[in-house]
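Visitor: Please show me the structure, and then take me through how its features are to be read.

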Amino acid sequence: MLIKKPKHKTFDYQPRYYKPEIDRSEIRKRKLGFRSSFNKSVKKRSPIVFILLLIIVLYLIIKYQGLFK
């Protein structure tokens, strides 16, 4: 037996437990309308992107204007 057998991989996992008092406070916050700051961090798109798209669409309309008549 010259070959070493592989051992099982071990993990350092700490399970999370249900805490009813936290759940009640979350339900109360939702009823009152509080939201987390994570939901508010929505990226706004730059108007430059919309301007570029508009220019591309106008260019294509002008270029292919004679083909659709």
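Visitor: What does the accessible surface of the protein come to, and what share of it belongs to carbon and sulfur atoms?

Guide: Accessible areas come from the Shrake-Rupley method with a 1.4 Å probe, and for residues only the protein chains shown count as cover. Here the protein has about 8,500 Å² of accessible surface, with 63% belonging to carbon and sulfur atoms. This is a predicted model, in which local features need pLDDT of at least 70, side-chain atom pairs count only at pLDDT 80 or more, and totals for chains, interfaces and linings use all residues. Residues are numbered from 1 along each chain as its sequence is written, and side-chain values use heavy atoms, with hydrogens and water left out.

Visitor: Where in the protein is confidence lowest, and where is it highest?

Guide: Confidence is given for each residue as pLDDT, from 0 to 100, while helices (H or I, at least four residues) are DSSP runs numbered from the N terminus. The lowest confidence in the protein falls in helix α2 (residues 37-40), at a mean of 56, and the highest in α3, at 91.

Visitor: Why does the span of helix α1 agree with its number of residues?

Guide: The expected span of a helix is 1.5 Å times one less than its number of residues. Helix α1 (residues 20-32) has 13 residues and should therefore span 18 Å, which agrees with the 19 Å between its end C-alpha atoms. After α1 comes G33, with a positive phi near 95°.

Conventions
pLDDT is the predictor's confidence in each residue, from 0 to 100. Helices (H or I, at least four residues) and strands (E, at least two) are DSSP runs, numbered from the N terminus.
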